[in-house]
Amino acid sequence: MSAKKEAALAFERSFGSAPEGVAFAPGRVNLIGDHVDYNDGFVLPMPLSVGTAVAWRARKDDRVAVTASDLGSETLEFHLAEEPPVKSGWHSLVHGMVSVIQAQRPVERGLDILIKGDLPRGAGLSSSASLCVAIGRAVAEASGFDDMTPEDIARLAQRVEHIYAGVACGIMDQMAIAAGEPGAAMLLDCRTLETESIGLPEDWSVLVSQSGVTRELVDGAYNARRAECESAARKLGVESLRDVDPITLSFAKLDEVDAKRARHVVGEIERTRAAAHAIRNCAISDLGELMRFSHASMRDDFEASHPEVDRKVERLNEIIGSKGGARMTGGGFGGAIVSICHASVTRDVLNAIEQESDDRQLVRALN
Ligand code: GLA
């Protein structure tokens, strides 16, 4: 049964009658281009088939009543005018999203909401951006805000992460989720928000597996990396690291940490554009090479990997050989691994993932 159908049924069980509508937002996997979105660079994410469904029904009063059916049917209730809590998990995200919309245009009626998600949480697949975008879509549908664009919703969802979750994230996750096309990668220019949809060849597989390393204290480390990148950009006299080319960087006098962070970002932007080119040309071995370089850069220059993740990525790369590549994906410090491979090795890659993983949580983004 689809997540939307399940949400509608669970809504009926919780609230006594059918919902008026069900909104859905997917999770995302980033194929390449990590920690470059907040540096105004290029990223190449892809929406997943799994995500978050939000069933809704308008109320006559100004209250919002929420049941999260996959979180032990936990509930939350608030008034439209109430200030959202900060850093209170999903409560902050849901309440925050309603609140940032409300700050732009009046949401007149409250809502009964039921959330049903099938994305593994904390796995680097953007379950929080998926939740925010799905709530945004539900509120927009319920309030008749038909002119709200995917980009508007993405920006609002990003604001929620900044203000209510305390994560200084970029715009990649929200844009991939709000504006991505199923089954296609999205080359996103994070400075202009221009996008290009790039379909993947039919005989390629995109497999997302969990590294098994739980991401602890990630928000702090993430924000610290962003601050380091901004400091490097200031020292180089540019608005963001997007404006630095590799030659200028190699001559710049930066301290070791700044130089490493900048090297990752500048190289990763180049790799992402080259990866888009490789996909357009069906050049899977070039793409695989770029993914391996990207992983090494996240590990050595950005220092955002983990030995256990490195081991799993290396093993996958051995199996895939020249028929694609594997790398850690997303914010790092654990989380998920993305493998892109030709169909001829998909079975071997799947076997390796199954042998290794404790929880066998595997998401196939394609094939
Ligand atoms: C997290 C953030 C994104 C992006 C990635 C790393 O997913 O939410 O904005 O910075 O990490 O690429």
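**Fold, core and selected residues of a predicted chain**

Aspartate 40 sits in the loop between β1 (21-30) and β2 (42-43). Helices and strands are DSSP runs, numbered from the N terminus; a helix is H or I with at least four residues, and a strand is E with at least two. The phi angle of aspartate 40 is near 70°, a positive value in a residue other than glycine. Aspartate 40 has a relative accessibility of 17%, so it counts as buried. Buried means under 20% relative accessible area, exposed means over 50%, and partly exposed lies in between (1.4 Å probe, protein chains only).

The model is predicted: local features need pLDDT of at least 70, side-chain atom pairs count only at pLDDT 80 or more, and totals for chains, interfaces and linings use all residues. Residues are numbered from 1 along each chain as its sequence is written, and side-chain values use heavy atoms, with hydrogens and water left out.

Serine 126 also has a positive phi, about 65°, although it is not a glycine. Serine 126 is placed in the loop between β6 (111-117) and α3. Its relative accessibility is 9%, so serine 126 counts as buried.

The chain as a whole contains 11 helices and 12 strands. Its radius of gyration is 20 Å, close to the 21 Å that the globule rule gives for 367 residues, so the chain is as compact as a globular protein of that length. The radius is taken over C-alpha atoms, and the rule is 2.2 Å times the number of residues to the power 0.38. Along the principal axes, the C-alpha atoms fill a box of roughly 60 × 50 × 35 Å. Of the 367 residues, 57% count as buried.

Contact means heavy atoms within 4.5 Å. Among contacts with a separation of 6 or more, 71% join residues 24 or more positions apart. The accessible surface of the chain is about 15,100 Å², and 48% of this surface belongs to carbon and sulfur atoms. Accessible areas come from the Shrake-Rupley method with a 1.4 Å probe; for residues, only the protein chains shown count as cover.

A nonpolar core is a set of buried Ala, Val, Leu, Ile, Met, Phe, Trp, Tyr and Cys residues joined through side-chain atoms within 4.5 Å. The largest such core has 115 residues, and Met97 and Ile135 have the most contacts inside it. Helix α3 (residues 127-143) gives the largest share of this core, nine residues. Apart from this core lies another of eight residues, among them Ala3, Val22, Ala53 and Leu114. Leaving aside neighbours within four places in sequence, methionine 97 touches residues including Cys132, Ile135, Gly136 and Leu156 by the contact cut-off.

Valine 64 belongs to strand β4 (residues 63-68). Its relative accessibility is 1%, so valine 64 counts as buried. Valine 64 and glycine 110 are 46 residues apart in sequence, yet 5.0 Å apart in space, C-alpha to C-alpha. Beyond its neighbours within four places in sequence, valine 64 is in contact with Leu76, Glu77, Phe78, Leu80, Leu111 and Ile113.

Aspartate 301 occupies the loop between α9 (284-300) and α10 (307-320). Aspartate 301 is buried, with a relative accessible area of 12%. Aspartate 301 and alanine 259 lie 42 residues apart in sequence and 8.4 Å apart in space, C-alpha to C-alpha. With neighbours within four places in sequence left aside, the contacts of aspartate 301 are Lys260, Arg261, Arg263, His264 and Ala296.
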